[in-house]
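Good morning, colleagues. Please turn to the sequence and the model on the screen.

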Amino acid sequence: MVHNNTGGPHGLGDPDDRSLRKVELEVCIPKIIRERTKLYKCPEEVKEFENCCKEKGLMMWYSCQKQNENLKKCQIKWYADEELKKECTEIYLAERAEFRRTGITKKQKEWMKNNPGKPLP
């Protein structure tokens, strides 16, 4: 099926379309999974790895292998979790629908929130 991302209020595609392209499945959604895993699922492992890296400096690649392995194990466990994948897919679809409705990206929305009254760069 060929997707034509035209139409919708800003010519960016139908906000209610829930189909996903290959790049969205393989890049965009995994990025959200990675971010949520680091923030909410494996924060202790991230903290231990970051602390080790700060402490060891240039030798981190060798000295922090254990912490890195612990972080990878935690992330791999969560990458296989179907509920997390569904949650992140819904987050992505909501963000994409909002962009298609408004024509404003998530980054632009954040900038406007932090710089009220200023035009977008």
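Predicted model: local features only at pLDDT ≥ 70, side-chain atom pairs only at ≥ 80, totals over all residues.

Residues are numbered from 1 along each chain as its sequence is written, and side-chain values use heavy atoms, with hydrogens and water left out.

Let us begin with helix α4, residues 65–79; helices are DSSP runs of H or I, at least four residues, numbered from the N terminus. From first C-alpha to last, the 15 residues of α4 reach 21 Å, close to the 21 Å expected at 1.5 Å a residue; the expected span is 1.5 Å times one less than the number of residues.

Which residues of α4 are buried? They are L71, C74, Q75 and W78, where buried means under 20% relative accessible area and exposed over 50%, with a 1.4 Å probe and protein chains only. These four cover an arc of only 95° around the axis, so they lie on the same side of α4; the arc is that of the directions from the helix axis to the C-beta atoms. The face turned away from that buried side carries the exposed residues K66, K73, I76 and K77.

Now to the rings. The structure holds one aromatic pair. W61 and Y62 form this pair, edge-to-face, at 5.8 Å centre to centre and 65° between the planes; rings pair if their centres lie within 6.5 Å, and planes over 60 degrees apart count as edge-to-face. W61 counts as exposed because its relative accessibility is 60%, and Y62 counts as exposed at 52%.

Definitions and conventions:
Helix = DSSP H or I, 4+ residues; strand = E, 2+ residues; numbered from the N terminus. Phe/Tyr/Trp six-rings, centres within 6.5 Å; stacked < 30°, edge-to-face > 60°.
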